[in-house]
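I set aside an afternoon for this one and kept notes as I went. Have the sequence and the structure open beside these entries.

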Amino acid sequence: MGLRVGVDIGGSFTDFAVLDEKDNSVRTLKVLSRPDKPGAEVTEGLSILAKRDGINPADIGYFTHGTTVGINAVIQRKGVKLALLATRGFEDVLEVARLKITPIHNLYGRRPEPLIPRDRVFAIDERMDRDGQVARPVEAESVAAALAEVRRHGCDAVVISFLHSYRNGANERAVKALLAELAPGLPVFCSSEIWPIIREYERTITAVISGYVQPRVDHYLTSFEKALAEMGVPAAPRITKSNGGVMGVAQARAECVQMVLSGTASGVIGASYVAARCGMPRVLSLDIGGTSADVAVIMEGQPQYGTGEVVGEFQIHIPSVSVTSIGQGGGSIAWVDHHGVLKVGPDSAGSNPGPACYGRGGQNATITDAYAAVGLIGHGQLGYNSIHVDRDKATAAIGKLAERVGMSVFETAENIMRIANSEMYADVSALLSRFGIDPREFQFLAFGGAGPMMACYLARELNMQGVVIPPTPGVLSALGGLIADLKNDFIHTVYREVDASVAPVLREAFSELKERALHWLHGEQAFDGEHSLSFTADLRYLGQSFEIETRLEPDWIAQGDVQAVVSAFHREHERLFGHSDATATVQLINLRLVIAGATPKPVLRELPLATGAAEPVGQIEAYVDGAMRPMPVYHRTALCAGHRFDGPAVVMQDDCTTCVLPGMTVEVDRWGNLIISFIPS
């Protein structure tokens, strides 16, 4: 029995959750992130935990962490300079993409600029046919010519994505080998090695994003491992994955795209755990940190999974928790464009210098500064006393923008808040439409350093049922990484019609996938606990463009029951679209297997029942909804189960501030969650 530590490293703060296996108790901490010196925040946090709670790093037997370094690089377009090598004649793969109008409701909308512009895409003479046979071997001269262009453009790394390489990656590997001889040390990434899926654009953009973030991720992981070693932590670190599981550092380095949604997925897993244990059937997790806001659907305590999740302006086509990431966070910078229009994001002040109100040298006004300027935050310490909010500095930063737009400081600050909400409103509305969700039936489960601060505003705009604030919202992502299972996905492309002849294909393919999965779990991850296997297939009707992932039972595979597979697809199509066609031919595109090794979970403790009314610790005035309003301030530690009070109000705690708006009421449930709902009019 020892200590299990979960760490979530965001753009502004680093959060810690420590599970003591002796009594399943959890201790938490929050410190400022150090993007200038990755790993320093871990050293600082462990040192504080040692002094405050007597935690000895040598007793840590399990260490997981999630990070937003990958997603932040994509959102802010601060990855490395890449080149793309493509099959001659198919160099426009990133430009053509899927020819979708984005966003379709915006007449002035423009498709995002590719992460690799067209002048850094170079042709290679080679060809793989659709069956995976080499129709034309790689011509070395074209590789040498492409390398010369790569060097001329000063590219830091190369992505290789050839036609039909999901069937056979031999030509991609041949070019990688040639580049290793011609340019030793040049990072090279093959699409067939990163995620070998059918569809050229989807495979290419996934490989591009992986290569785009890899050097930053690699540098970060190296610094992180060094910091743990210096602190004397014996446990090999594990990294949370986009699919809500965890993996080893070696896999994280090789498959960076698997951790692009690392910190995001950790938060969703933590929120799902709270929702399941506390009996919340329909929630949207709302994780707002310093750089981004991440929203996911949780039904009956289970997060929704899928592929093609949007990261910044692009989709990644790996299995992941279904999350919409929006470039609006507490540190998002407000600015005025050359037309005199006030805008917010996507650039963030991060943790250094951070928002102006942090007093660490930041000069730019941020969303956090807007909340400080109107008086909603800054009435106590934040980030476990790591932050002292300076309202005067926030007001000064907002004042610079106020002069340019011709409004008062209060009006400018509130408009910054409204712009941020409108950005999130648009993206969350798209998520609701995608899942066919009525927002009036859902609550936000808000967490992250800025989630409780902003959630009520967004819930009001979306006409949601209300907002739930868990007991330690600022560090819920760290808890999610701590309880995440070891988990990995495996895929095999088949691409054939489903008939009796497909039965042996199912058995052979899943047998090979299972062998790989068990080797990964017991060999590479050295896991000896209980595990589970999940079998699915990507199926569609002949003539359809996209497929549906359909769950398969192991007995169907073992017995070759093809009809059971087809029937399951018909039922799933009926459930999703309201119709099915039992007479239509069904196509099998991919077979998927997910393996998961279970990890220990903490026990949620109930709060004592209140014996009297909730007592505020102070009274403030804040500018809310266009007017100064008096409001009480409560401290979270003084609230007990059954306490009730109405908004407007502010709830302070060590890791964040909750802002409750007029027309809302708050009740504390037995688990210590703040249940915020609208007062009936």
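Predicted model: local features only at pLDDT ≥ 70, side-chain atom pairs only at ≥ 80, totals over all residues.

**Entry 1: a positive phi**

Is Glu 300 buried or exposed? Glu 300 has a relative accessible area of 59%. Exposed means over 50%, so I wrote Glu 300 down as exposed. I looked up Glu 300 for its backbone: phi is near 50°, a positive value in a residue other than glycine. Glu 300 sits in the loop that links β14 (293-299) and β15 (302-303).

**Entry 2: the parallel sheet**

Next I traced an open sheet of 4 strands. I read the order as β6-β5-β9-β10, and the pairing is parallel. At the edges I found β6 (121-124) and β10 (188-190). Each of these edge strands has a single partner strand, so one side of each lacks a neighbour in the sheet. On average, neighbouring strands here are turned by 25° against each other, direction ignored.

I then went through one pair in detail. Strand β5 (residues 82-87) and β6 are joined in the parallel sense over 4 bridges. If you want a landmark, Leu 85 stands opposite Phe 122 in β6.

Which helices pack on these strands? I noted α4 lying across β5, β6 and β9 (157-161), and it runs at about 170° to β6. Helix α7 (residues 200-231) packs on the sheet as well, touching β5, β9 and β10. The direction of α7 makes about 165° with that of β9.

**Entry 3: α4 against α5**

Helix α4 (residues 140-152) packs with helix α5 (residues 170-182) at an angle of about 60°, and their axes are 10 Å apart. I therefore call α4 and α5 oblique to each other. Their crossing is right-handed.

Which residues of α4 and α5 make the contact? From α4 I listed Ala 140, Val 143, Ala 144, Leu 147 and Arg 151. From α5 the list is Val 175, Leu 178, Leu 179 and Leu 182. Sorted by kind, the residues of the contact of α4 with α5 come to 8 nonpolar, no polar and 1 charged.

**Entry 4: α12 against α13**

I repeated the exercise further along the chain. Helix α12 (residues 409-435) and helix α13 (residues 451-462) pack at about 55°, with axes 10 Å apart. That angle makes α12 oblique to α13. I noted a right-handed crossing of α12 with α13.

On the α12 side I wrote down Met 417, Ala 420, Asn 421, Met 424, Tyr 425, Val 428, Ser 429 and Leu 432. They meet Met 454, Tyr 457, Leu 458, Glu 461 and Leu 462 in α13. How do the residues of the contact of α12 with α13 divide? I get 10 nonpolar, 2 polar and 1 charged.

How many bridges join β29 to strand β30 (residues 627-635)? I found 7, and the two strands run antiparallel. Within the pair, Tyr 623 stands opposite Met 628 in β30.

With a relative accessible area of 30%, Asp 625 is partly exposed.

**Entry 5: cis peptide bonds**

Last, I checked omega at two prolines. The bond from Gly 345 to Pro 346 is cis, with omega near 0°. Pro 346 belongs to strand β22 (residues 342-348). The bond from Gly 647 to Pro 648 is cis too, with omega near 5°. Where is Pro 648 placed? I located Pro 648 in the loop between β31 (644-646) and β32 (649-652).

Definitions and conventions: Residues numbered from 1 in each chain as written. Heavy atoms only, no water. Axes fitted to C-alpha atoms, helices over the stretch in contact; angles between N-to-C directions. Parallel < 35°, antiparallel > 145°, perpendicular 65-115°, else oblique. Left-handed = near helix turned anticlockwise from the far one by under 90°. Contact = heavy atoms within 4.5 Å. Nonpolar A, V, L, I, M, F, W, Y, C, P; charged D, E, K, R; others polar. Pairing = 2+ DSSP bridges. Buried < 20%, exposed > 50% of the residue type's maximum accessible area, 1.4 Å probe, protein only.
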